[in-house]
Amino acid sequence: MYPRSGRTPGRAKERKKNMTDSKTATLSLDGKMLELPIHSPTAGPDVVDITKLYSQGGVFTHDPGFTSTSACESSITFIDGDKGELLHRGYPIDQLAEKSHYLEVCYLLLYGNLPSATELETFETTITRHTMLHEQMANFFRGFRRDAHPMAVMVGVVGAMSAFYHDSTDINDPRQREIASHRLIAKMPTIAAWAYKYTIGQPFVYPRNDLDYASNFLRMCFAVPAEEYVVDPILARAMDRIFTLHADHEQNASTSTVRLASSSGANPFGCIAAGIACLWGPAHGGANQACLEMLEEIGSVDRIPAYIARAKDREDPFRLMGFGHRVYKNFDPRATVMKKSADEVLDLLGIENNPKLQVAKVLEKEALNDPYFADKKLFPNVDFYSGIILEAMGFPTAMFTPIFALSRTVGWISQWKEQLADPAMKIGRPRQLYTGPTMRDYVDIENR
Ligand code: SDX
């Protein structure tokens, strides 16, 4: 029933050799010369291997925010920030967004290659037949207040899956890992849609096996028992493209959270719940909601200069939401596709003169012409246009990040799966630069 996962039981004995180790770096430390191996990847910068630095040199490296740190070896996604390139298993995101579809991209991320027609059919059938939730989980939703943020509901419900699906929590069993992967990909649209329905006081809509992945999600969000909901194929295609554009993105904050949680041996549902919690932050996946709220606050193009001035003012915490990226120092290729999709969807819906879209386009143009943003290489990222499309499709801003989480689940799971198969994997346990008090004796309260 499940495609071969390509992984033998237990951990792979030999690290895959897709890198070359022909160079070393020499570090002079207190008169000692340390030779550190350099690994050259198939693409991207070389890495200096410091795994022996503390044992041989007695020092740590220090890199808050991991701006210069490779935390793992991976062959899933590659980003060239300077060129604005994003590859999934070598395939450029713009080609996948145009020619592929989300479940095929899920297969590619999970198994490493584009599927044959038979493999794709088997995979899509498997996912389709796992979209329902354990009926008892409906009660779990009802424990939340109606005004709960859907992300709070998703964190809770996905974490609770480890209490409902015990037969897919053993991370050492390849088949249980496979089943957990498929259950999460399949059930996230149902969880996200039910989180939305619960917060607006409407009844849950069950998935249907005769609909594709994106159409099923739209119907579960917008159908009501009182009348049939007909999915617009153009909107379903736009929804599927948004899923594809958010599927994976190398070692971003939420993926790194999933990897760190998984390194302790935690079950897959708990690891993904941790990733959802991290994604929620406005500096990360929460930026799509924050960006649309920013465009609403700006309101009209004549107010843009004042907001650009605020974004440039180091004394003002205001930042342009949807702008800037730790890795991209060029256009985020996903934003380019998203901008084109925004024009298509709003034109189809007859709201091409949507004020927020007008503000977004002028804001982008003025920011990119401003030396501050050009010098700091701040460009629109994936979150800049996505909210405009989602709002036009009928989603409230609170649903933007849950949709991001739904899409990114396959990326989190693929990276989780890859880490479990990595012979170099051990529990993640960073050290620190300690600047607190050195040892001192306890002082009795009467002497303080
Ligand atoms: C996502 O990592 C990923 O891959 C994430 C993601 C994914 O798919 O997983 O791509 C999804 O999270 C996209 C990013 C969404 N976040 C936002 O749009 C929020 C706004 N952006 C910023 O908060 C910021 O750009 C970050 C968080 C995205 C990146 O921060 P960095 O890399 O730590 O850069 P920084 O904060 O050190 O900024 C560098 C400089 C600073 O100025 P100086 O201190 O050097 O003078 O650029 C400035 C910042 O003040 N700056 C901005 C800015 N972003 C950075 N100034 C104004 N507006 C902004 N948006």
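Axes here are lines fitted to C-alpha atoms, for helices over the stretch in contact, and angles run from 0 to 180 degrees between N-to-C directions. Helices are DSSP runs (H or I, at least four residues), numbered from the N terminus. This is a predicted model, in which local features need pLDDT of at least 70 and side-chain atom pairs count only at pLDDT 80 or more, while totals for chains, interfaces and linings use all residues. Residues are numbered from 1 along each chain as its sequence is written, and side-chain values use heavy atoms, with hydrogens and water left out.

**View 1. Helix α7 crosses helix α11.** Let's start with α7 (residues 174-199) and α11 (residues 268-279), whose axes come within 10 Å and cross at roughly 40°. The two are therefore oblique to each other; angles under 35 degrees count as roughly parallel, over 145 as roughly antiparallel, 65 to 115 as roughly perpendicular and the rest as oblique. The crossing of α7 and α11 is right-handed, meaning that the near helix is turned clockwise from the far one by less than a right angle. Ala180, Leu184 and Met188 of α7 meet Pro268, Phe269, Ile272 and Ile276 of α11, where contact means heavy atoms within 4.5 Å. These residues divide into 7 nonpolar, no polar and no charged (Ala, Val, Leu, Ile, Met, Phe, Trp, Tyr, Cys and Pro count as nonpolar, Asp, Glu, Lys and Arg as charged, and the others, Gly among them, as polar).

**View 2. Helix α15 packs against helix α17.** The axes of α15 (residues 355-368) and α17 (residues 383-392) come within 10 Å and cross at roughly 170°, so α15 and α17 are roughly antiparallel. From α15, Lys356, Leu357, Ala360, Lys361, Leu363 and Glu364 meet Phe384, Tyr385, Ile388 and Glu391 of α17. This contact divides into 6 nonpolar residues, no polar and 4 charged.

**View 3. Helix α10 meets helix α18.** Here α10 (residues 253-263) and α18 (residues 400-420) pack at an angle of about 40°, with their axes 9 Å apart. That makes α10 oblique to α18, and the crossing is right-handed. Among the residues in contact are Ser254 and Arg259 in α10, and Arg408 and Trp412 in α18. The contact divides into 4 nonpolar, 6 polar and 3 charged residues.

View 4. Polar contacts (pairs of N or O atoms within 3.5 Å) include a ligand nitrogen atom 2.8 Å from a polar backbone atom of Leu320. A nitrogen atom of the ligand is also 3.1 Å from an N or O atom in the side chain of Tyr372. A polar side-chain atom of Arg408 lies 2.8 Å from an oxygen atom of the ligand.

Methods: A polar contact is a pair of N or O atoms within 3.5 Å; within protein, one must be able to donate a hydrogen and the other to accept it, and residues adjacent in sequence count only if both atoms are side-chain atoms.
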